[in-house]
Amino acid sequence: MSREVWKTLLVLLAAAGLAVLLRGTTLEHDPIRALSDPDPARAALFDAYQRASVFRERVLVEDGALGELDRVRLQETLRTAGYQEIPVFERPAREQVLRLASLLPPPDLRALLDDVTIEARAQEAISVAMLPGGDAYLREIEADPLGLAPALATRLLGTAGAQEGGAIRAYRGPRPIDFSRVEPAYEMLKSLSPPVYFIGGDFFAVENYRAVLRDILVCSIVSLTVTLGIFSFFTRRWTLLGLLLLGSLISSMVGLLGLRLFYADVFAVVIAYTSTFVTFNNEALVHLSGIEASRRKGQLIGIWSAIGTTFFGFIVLLFARSLMVRQIAIASIGGLLGFLAFLVPYRSTLATIRIRPITLPSVTLRPWLVGVLCLVSLVGVVAVGIPRVGTRIDTFRIHTPALDEQVDHFSRRLASLSLDDVVGVRVPAGGDPADVLRPLASRGILDLSRHPLALWRSYDEQEKALSTLRDGYPGAVARLTELLARNGIQVRAAQDFPPTIHAIGAWEYLDLVGSIGPVSWTETLGDDRFVIAGLSSGAPAELPGGVIPVSPRRYYDGLLTSASRELAWLFLAGLVVMGIYLAVLQRSVARVVYVLAPLFVSALAFAVYIRYTGATVDIMHILAFSLIIAVATDYGSILVSTGHGPPEQSKVLLTGASTLATFAVLWSARHPLLRELGATVTLGCAVSLAFALFVRLPAADEGPGT
């Protein structure tokens with residue numbers, strides 16, 4: 001066998017070794033988990049509130065309108081998928097109910113103690129006792145003979161609370177999610193909806209999982225097919241394409257191995273992103289092919305300018321707060337270094353490859369005109385309007401009509417059990433929560449209409465209610481017990497009203513309501529105490545100090561927006577580093593300005609695109625711009641370093657067309673993150689490629705290839 005065959009066999013053996021090392025890689029399918037708050041106090045409050053949420057890591061299914069056979073079939077499918085039914089709400093203990101009973105108005109209490117009500121409750125118990133499950137109902141009578149708990153639920157939680165969940169069932173699913181088991185359950189739920197309705201993070205994870213898998217497969221196949229056609233036009237040496245495919249496989253594995261050194265879990269979106277490695281690998285491979293001895297200096301300056309700027313572009317991402325962005329940076333740096341290492345044994349093969357040269361018409365601009373073009377582009381960005389930077393959590397999650405319908409239904413169904421936009425408000429030591437909340441409500445920041453404090457009653461009013469209970473409770477319970485005993489039903493309900501029950505203060509009241517309801521209303525972290533409240537619809541985006549978001553949407557929107565702005569500043573810093581690197585390597589201010597000029601033009605094109613679409617610049621747009629920086633500097637540095645020689649024009653056109661094909665395909669992706677990435681990079685790549693190919697400096701200002 002030839003040396004080339006031996007080399008390839010050794011590379012394949014190395015690939016097999018890398019595959020073994022990558023076994024057991026765990027994928028995280030929810031990109032939101034990549035976020036972390038730099039403020040530990042805010043993060044601790046958010047985590048504490050979410051841990052206490054009744055909706056955390058649960059799946060809710062409303063199946064009351066379903067026939068018995070279909071309900072049994074659905075429950076069996078959910079059990080097979082690993083879901084275990086759990087109570088929607090834990091039934092409050094007797095003492096908790098009695099401690100809150102003072103919040104009921106005296107007329108309501110007198111109605112519960114009335115003989116007519118007692119007789120109706122006894123008749124209901126007698127009719128239910130003979131039915132299947134009657135024993136459980138009688139145990140409820142023993143724990144709460146007068147029905148204080150439903151009355152409190154109606155007062156505190158509204159109609160939905162009185163239903164105690166109605167036909168809603170709660171399930172806790174397997175962790176980590178086993179998609180092969182969860183998908184059949186998800187499909188059955190969709191097929192039964194309506195009348196079945198369901199909601200849970202697991203189902204969004206399934207859609208994200210499907211979208212990423214589909215995007216990896218479809219986009220890779222289509223971009224590979226287009227790249228194959230482009231290569232066939234420029235060169236008939238299929239060795240080049242073989243090296244690209246094998247090297248991309250190696251670089252992806254090296255990039256993932258780099259991630260495994262630092263992280264146990266890898267985000268699925270990062271795996272999908274690695275499909276873009278073929279773009280950078282293609283550029284390095286093509287430009288390192290067929291280096292001519294007579295033009296070697298200019299070609300190497302251009303190549304290392306391109307590789308170095310790409311490298312520094314990803315280095316700055318390592319300083320990002322977002323875990324997902326850092327993973328992308330590590331995978332990209334590892335992939336780039338892995339591909340370059342892969343090419344080392346094939347140096348002799350690369351030296352023999354030739355790309356069909358072409359000469360394209362071009363416009364010559366003096367260096368000062370290129371500088372003016374940069375300045376005009378900056379002015380144009382300001383004139384069009386500097387885009388707003390902000391990222392919403394919806395950007396990171398797949399949306400489907402089926403899931404949107406479920407969200408809308410449960411938003412209406414559980415309106416009285418949850419708050420859409422919740423904050424924690426810090427209360428000074430010894431302070432009263434109402435005294436802190438009222439000023440914020442008067443400023444239009446908080447909405448206290450559904451806050452439990454709106455139902456809290458003064459100590460005098462509570463004492464009147466307790467007096468009514470102390471006088472009437474024992475007799476009413478004795479009357480109910482007697483009526484049931486006449487019909488042969490024995491219940492052991494406590495008839496005494498505990499003397500320890502007293503009027504409660506605001507903090508104790510909120511703690512009790514939170515302990516029996518779906519929402520926690522207080523949190524204590526160290527010496528800090530917080531009261532939970534809902535924001536008003538007109539609340540400002542920037543909240544006052546001491547008011548901390550604890551609902552996922554606003555909390556994560558704030559983190560994402562902050563991370564987006566941070567990333568933008570990182571890229572500006574990266575551009576400065578790139579400029580210094582290019583100045584050292586190119587030794588010409590004119591050439592450095594020329595290499596960076598497409599970025600200014602691309603920024604103007606992007607600003608126009610954002611203005612036209614009415615979109616907000618989010619974290620994915622900014623991340624995409626890092627790729628634009630990489631490809632734009634690649635094209636410009638290669639051509640300006642070699643005097644726009646025909647071989648280099650051909651190479652840039654080949655790599656640019658391949659890059660356009662790769663990212664244009666992402667426009668068809670289902671996952672919104674990849675779709676935004678494709679749209680942004682395609683636009684910037686097209687502008688940068690056109691500039692590099694059709695605009696040049698005078699021969700005296702370009703590299704030694706002229």
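This is a predicted model: local features need pLDDT of at least 70, side-chain atom pairs count only at pLDDT 80 or more; totals for chains, interfaces and linings use all residues.

Me: Why is strand β11 called mostly covered?

Reply: Buried means under 20% relative accessible area. In β11 (residues 528-535), 6 of its 8 residues are buried. So the strand counts as mostly covered.

Me: How do you know that β8 and β11 pair?

Reply: Pairing needs at least two bridges between two strands. β8 (residues 422-427) and β11 are joined by 6 bridges, and they run antiparallel. Therefore they pair. Valine 422, for instance, stands opposite glycine 534 in β11.

Me: What makes β9 a partner of β11?

Reply: The cut-off is at least two bridges. β9 (residues 446-447) has 2 bridges to β11, in the antiparallel sense, so the pair counts. Here aspartate 447 stands opposite glycine 534.

Me: What joins β10 to β11?

Reply: There are 4 bridges, again antiparallel, between β10 (residues 522-525) and β11. Threonine 524 has arginine 529 as its bridge partner in β11. The two strands form a hairpin, with 2 residues between them. Glycine 526, in the turn, has a positive phi of about 65 degrees.

Me: Now the second largest pocket. What makes up its lining, by class?

Reply: The lining has 24 nonpolar residues, 1 polar and 1 charged. The pocket's volume is about 870 Å³. Among the residues closest to its centre are Val381, Leu572 and Phe625.

Me: Which helix gives the largest share of that lining?

Reply: That is α24, with 8 residues. Helices α18, α23, α24 and α25 each supply at least two.

Key. Residues are numbered from 1 along each chain as its sequence is written. Side-chain values use heavy atoms; hydrogens and water are left out. On a 1 Å grid over the protein atoms alone, a cavity is a set of points where a 1.4 Å probe fits but cannot get out, and a pocket is an open set with protein on both sides within 12 Å along at least five of seven lines; lining residues have an atom within 4 Å of a point. Grid points are joined across faces, edges and corners, and a volume is the space filled by probe spheres set on the points. Ala, Val, Leu, Ile, Met, Phe, Trp, Tyr, Cys and Pro count as nonpolar, Asp, Glu, Lys and Arg as charged, and the others, Gly among them, as polar. Buried means under 20% relative accessible area, exposed over 50%, partly exposed in between (1.4 Å probe, protein chains only).
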